[in-house]
Amino acid sequence: MYKLEDLLERLDYELIQGTIEAEVNTVVYDSRKAQKGCLFVAIKGAVADGHKFIEDVCKKGCKVVVVEDEVCVDDDVTVIKVDDTRYALACISAAYFGYPAEKLHVIGITGTKGKTTTTYMIKSILDNAGHKTGLIGTIESIIGDERIPSSNTTPESYTIHEYLRKMYDAGCDSVVMEVSSQGLMLNRTAGILFEIGIFTNISPDHIGPAEHKDFEEYLKCKSLLFKQCKVGFLNIDDDHYEDIVQGHRCSVETFGFSDAANIKASDVKLINEPGRLGVDFKVSGLVNCEIQLNLPGKFSVYNALAAVAVCRFFEIDEEVMKKSLLNAKAKGRIERVEVSNDFDLMIDYAHNAMSLKSILTTLREYQPKRLVCVFGCGGNRDKRRRYEMGEISGEFADFTIITSDNPRFEEPQDIIDDIKVGIKKTNGEYIEICDRKEAIAYAINNGKPGDVIVLAGKGHEDYQEIKGVKYPMDERVLIQEILSER
Ligand SMILES: CC(=O)N[C@H]1[C@@H](OP(=O)(O)OP(=O)(O)OC[C@H]2O[C@@H](n3ccc(=O)[nH]c3=O)[C@H](O)[C@@H]2O)O[C@H](CO)[C@@H](O)[C@@H]1O[C@H](C)C(=O)N[C@@H](C)C(=O)N[C@H](CCC(=O)O)C(=O)O
Ligand SMILES: Nc1ncnc2c1ncn2[C@@H]1O[C@H](COP(=O)(O)OP(=O)(O)OP(=O)(O)O)[C@@H](O)[C@H]1O
Ligand SMILES: N[C@H](CCC[C@H](N)C(=O)O)C(=O)O
Ligand SMILES: [Mg+2]
């Protein structure tokens with residue numbers, strides 16, 4: 001049992017009725033999980049308002065409700081009023097799980113692109129150096145040997161503290177987590193003092209009715225991380241570096257190609273050898289060494305520089321760092337799959353115009369004979385992605401194979417038709433093959449020496465979602481089937 005007073009110790013609140021001596025057995029923020037003796041936090045969400053379920057949770061035996069609005073409940077229920085129930089949920093959850101964030105080295109990464117890739121780089125280095133490192137991000141959360149698939153990049157605060165506690169119990173000493181702008185905005189990480197905060201980059205994204213109202217708000221949310229970390233490692237080359245760093249409350253170290261960077265990259269060499277599409281570069285400033293990556297492009301250099309900064313902080317042995325970075329990879333992030341000695345194939349998670357442009361322009365620098373892009377777009381998602389990705393692929397790939405992604409509740413052909421509107425604005429050559437496996441087979445079976453094929457959009461996903469059902473579909477498996485059927 002937990003004493004309410006203890007759960008509220010870091011929160012400003014008003015006791016409306018009842019007593020802070022009350023005891024509760026669990027904390028819930030979803031009425032469907034309410035049970036006898038629980039504390040319920042009422043959250044106003046994008047779709048529902050938790051306050052509407054208060055009568056229901058009280059009927060189920062809830063002892064304490066934490067609210068923003070006035071509510072009418074029986075006298076035996078304690079009512080706690082706060083300004084922001086999401087913030088309250090974060091404070092209460094931290095207390096409920098025994099403040100696990102304070103028992104771990106917590107590294108948070110924010111930015112529009114590169115978060116997932118950089119978390120895996122850092123986890124791999126720390127683990128190889130003898131730390132035991134948990135991970136929370138877009139693909140999954142990793143707690144010791146357990147891997148839990150994610151539904152959000154940065155989960156709700158309750159889940160974060162639950163996972164951090166499990167990590168601590170599993171013997172982890174550190175955790176690296178993606179901190180999305182929505183996570184910061186919605187107080188999912190409120191109350192956590194990150195030991196390290198990392199900023200990769202920012203460009204317009206996640207702007208829309210369910211996300212941020214405009215770029216200014218998006219920018220402001222990302223900068224919040226540097227008001228709640230001890231040390232910040234920031235990309236100084238980003239156009240919005242000054243905006244992000246403004247108002248910071250941490251010590252700052254910068255990375256980038258700029259001369260002003262504390263950790264500076266130079267002498268970039270793009271490597272295109274049989275079996276290795278990568279990049280080598282020199283690091284100078286606070287760290288002096290040479291790094292080799294088996295990931296292509298300048299953007300991979302940025303992700304690695306952030307990891308190098310973390311290594312300096314943890315005093316990681318240089319050889320361990322270099323070896324770990326050479327082997328670093330994240331599932332579905334420019335993931336190279338061996339299909340032929342003649343040409344390369346990558347699985348990538350680019351699912352909007354910005355990331356598709358970044359992956360295609362990066363691969364173009366390696367001067368492939370042809371750059372072939374296989375992609376579709378998700379159904380029931382922003383339609384602009386379709387026109388824009390069509391245009392990008394038409395402009396930056398030599399040949400596009402338009403196919404299906406997760407059609408969800410839409411007709412795949414309608415989505416393809418939208419993509420065609422974009423691609424037709426360019427002179428880009430394309431064909432459409434709705435079935436994703438057939439599309440990939442076409443790309444592989446028509447691969448020519450020197451080609452680079454990108455399968456964009458599904459990255460780590462191992463399913464295809466059609467009309468509410470997730471059917472197994474892993475591009476790695478499809479490729480093996482295609483190769484064995486040849
Ligand atoms: C818009 C948004 O951020 N939605 C997130 C949010 O849902 P919500 O709080 O708005 O939920 P809601 O359905 O309106 O319900 C409000 C409250 O009523 C409660 N409720 C609801 C129904 C009921 O019967 N009883 C009840 O008590 C709910 O439990 C909730 O507490 O809280 C949920 C639980 O934490 C999230 O899973 C959900 O993320 C959705 C799936 C989402 O798509 N979010 C995106 C915008 C997002 O957060 N993305 C970022 C970045 C991704 C990236 O890096 O690209 C992320 O971190 O994932
Ligand atoms: N530093 C970077 N700058 C620009 N593009 C990048 C960078 N790192 C990776 N990318 C590209 O963006 C895609 C997504 O990368 P990653 O998953 O690491 O980013 P993320 O910030 O976690 O994105 P998301 O918000 O989609 O989860 C990659 O597949 C790659 O094409
Ligand atoms: N978080 C993104 C992922 C998209 C991945 C892509 N495969 C799709 O289904 O559109 C979204 O849900 O819009
Ligand atoms: Mg991510």
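Predicted model: local features only at pLDDT ≥ 70, side-chain atom pairs only at ≥ 80, totals over all residues.
How many nonpolar, polar and charged residues does the shell around ligand 1 have? By class, this shell has eight nonpolar, 11 polar and four charged residues.

## Domains

The chain is divided into three parts: domain 1 covers 2–85, domain 2 covers 100–327 and domain 3 covers 335–485. Taken over C-alpha atoms, the centres of domain 2 and domain 3 are separated by 27 Å. Domain 2 gives 13 residues to the contact between these two domains, and domain 3 gives 13 residues as well.

On the side of domain 2 that touches domain 3, strand β16 (263–273) and helix α9 (298–314) each supply at least two residues. By class, that side of domain 2 has six nonpolar, four polar and three charged residues.

## Ligand 1

There are 23 residues around ligand 1, and those that come nearest are Asp30, Gly45, Asn152, Glu156 and Ser180. Ligand 1 lies between domain 1 (2–85) and domain 2 (100–327), because both domains give residues to its shell.

## Ligand 2

Ligand 2 has 22 residues around it, of which Gly114, Lys115, Thr116, Thr117 and Phe299 come nearest. Helices α4, α9 and α11 (353–364) each supply at least two residues of this shell. The shell has six nonpolar, 11 polar and five charged residues by class.

Domain 2 (100–327) and domain 3 (335–485) both give residues to the shell, so ligand 2 lies between these two domains.

## The annotated binding site

An unreviewed UniProt entry lists Gly111, Thr112, Lys113, Gly114, Lys115, Thr116 and Thr117 under "binding site". Among these, Gly114, Lys115, Thr116 and Thr117 are listed in the record and are also among the residues that come nearest to ligand 2.

Gly111 is in the loop that runs between β8 (105–110) and α4 (115–128). Gly111 counts as buried because it has 26 C-beta neighbours inside 10 Å. Apart from neighbours within four places in sequence, Gly111 is in contact with Phe199, Thr200, Asn201 and Ile202.

Thr117 lies in helix α4. With 26 other C-beta atoms within 10 Å, Thr117 is buried. Leaving aside neighbours within four places in sequence, the contacts of Thr117 are Asn303, Ala330 and Arg333.

## Ligand 3

Around ligand 3 are His351, Gly378, Arg381, Asp405, Asn406, Gly457, Lys458 and Glu461. The residues of this shell divide into four polar and four charged, with no nonpolar residue.

In soluble globular proteins, nonpolar side chains tend to be buried together. In this model the largest nonpolar core has 138 residues, and Val374 and Val454 are those with the most contacts inside it. Helix α9 gives the largest share of this core, 11 residues.

Which residues are in contact with Val454, leaving aside its neighbours within four places in sequence? They are Met346, Asp348, Ile359, Leu360, Leu363, Cys373 and Val374.

Methods. Residues numbered from 1 in each chain as written. Chains lettered and ligands numbered in written order. Near = placed C-beta within 6 Å. Nonpolar A, V, L, I, M, F, W, Y, C, P; charged D, E, K, R; others polar. UniProt positions renumbered as here; feature names shortened; annotations may be inferred. Helix = DSSP H or I, 4+ residues; strand = E, 2+ residues; numbered from the N terminus. Buried ≥ 20, exposed ≤ 12 C-beta atoms within 10 Å, placed from the backbone. Contact = placed C-beta atoms within 7 Å. Domains from an automatic or database assignment. Core = buried A, V, L, I, M, F, W, Y, C linked by C-beta atoms within 7 Å.
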